[in-house]
Amino acid sequence: MRELSLHILDLLENAQRARASVIAVTVEIDEAADRLRVVIEDNGTGLKVAPEDATNPFYTTKAGKRTGLGLSLFRAAAEQTGGGLTIGKSGLGPVGVRVAVELGLSHVDRSPLGDLAGTLAGVVCTNPEIDYVIAVRCGMQECRVRTSELGADAFRTAQAVQELVGRALGAAAVPL
Amino acid sequence: MTTRKITSLADLADVQADARKAIDLRSGTKDLRITVHMGTCGIAAGARDVLTALMAELGRAGTTNVSLQQTGCAGLCDQEPMLTLTDPGGRSFRYGRLTKHKVGEIVRDHVLRGQPVNEYLIKA
């Protein structure tokens with residue numbers, strides 16, 4: 001994957017496939033600690049396997065497939081920057097999943113964040129039945145959006161998400 | 001989000017029409033359904049850019065009879081990025097190896113004129 005936002009999109013697709021009705025996405029640019037953190041949580045049907053199997057590229061729960069690359073690719077992208085990926089339980093639901101990823105912000109091998117605002121807008125637009133709780137922290141700038149509070153018009157909700165996330169990320173003092 | 005001052009019934013009707021147009025794009029009860037395949041393979045091949053282009057093209061066209069959705073891998077990874085267009089008769093048309101340019105043609109010819117773009121269809 002050429003952008004971190006594509007890894008995030010992939011994990012969001014996993015959460016949607018787990019029939020989640022609430023999905024929380026948090027992206028934090030911590031320049032002081034030189035870290036980029038991503039946390040994705042859902043209240044879906046949960047992992048059918050142990051966390052270590054979930055990041056095995058040759059393991060998948062999808063019928064007709066022999067590989068499950070999403071989590072393993074994100075883990076590799078994190079580890080090559082001195083970070084990592086952990087899978088745990090989310091408080092959003094009884095068997096919800098929480099995936100936390102940490103990357104070295106200024107590490108030379110870190111992939112660019114890419115078009116996170118456009119990515120989240122696309123996801124919000126095509127899944128209006130899901131309540132997305134989005135938080136982006138970048139220095140002193142912070143944006144928090146809960147799509148269920150933005151009204152029934154999903155297209156305008158997507159536009160609002162794109163604008164707010166874009167504005168928060170615009171505060172970064174380092175290249176993202 | 002922008003707000004608009006409503007001072008007359010005509011203003012209210014305009015707001016209602018705009019909202020209906022925006023909602024139509026995503027409700028599942030419309031004549032045409034476009035599903036973008038967003039599995040890992042699709043995303044790596046450019047599915048997000050296809051989705052972004054579709055949203056822009058459909059918004060520009062002002063069409064009100066299309067619902068836009070996303071789903072996972074369809075098992076044809078070498079054809080990604082791909083989309084499935086389902087018409088009012090329930091017929092499915094699967095387009096593969098898409099680009100923004102191809103998306104523009106599909107919206108113009110198939111969505112707006114009802115003419116499938118055979119050149120981009122995945123051959124069985």
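A crossing of two helices is left-handed if the near helix is turned anticlockwise from the far one by less than a right angle, and right-handed if clockwise. The structure is a predicted model, in which local features need pLDDT of at least 70 and side-chain atom pairs count only at pLDDT 80 or more, while totals for chains, interfaces and linings use all residues. Residues are numbered from 1 along each chain as its sequence is written, chains are lettered from A and ligands numbered from 1 in the order in which they are written, and side-chain values use heavy atoms, with hydrogens and water left out.

The predictor assigns the complex an ipTM of 0.77 and a pTM of 0.80.

In chain A, the axes of helix α1 (residues 4–17) and helix α3 (residues 70–79) cross at roughly 150° and come within 10 Å, axes being lines fitted to C-alpha atoms, for helices over the stretch in contact, and angles running from 0 to 180 degrees between N-to-C directions. Helices (H or I, at least four residues) and strands (E, at least two) are DSSP runs, numbered from the N terminus. The crossing of α1(A) and α3(A) is left-handed, and contact (heavy atoms within 4.5 Å) joins A:L4, A:H7, A:I8, A:D10, A:L11 and A:N14 of α1(A) to A:G70, A:L71, A:L73, A:F74 and A:A77 of α3(A). These residues comprise seven nonpolar, three polar and one charged, where Ala, Val, Leu, Ile, Met, Phe, Trp, Tyr, Cys and Pro count as nonpolar, Asp, Glu, Lys and Arg as charged, and the others, Gly among them, as polar.

Helix α1(A) also packs with helix α4 (residues 116–126) of chain A, their axes coming within 9 Å and crossing at roughly 20°; the two helices are therefore roughly parallel to each other (angles under 35 degrees; over 145 is roughly antiparallel, 65 to 115 roughly perpendicular and the rest oblique). This crossing is right-handed, and A:S5, A:I8, A:L9, A:L12 and A:Q16 in α1(A) meet A:L116, A:T119, A:L120 and A:V123 in α4(A).

In chain B, helix α3 (residues 47–61) and helix α4 (residues 100–111) pack at an angle of about 40°, with their axes 9 Å apart, and are therefore oblique to each other. The crossing of α3(B) and α4(B) is right-handed.
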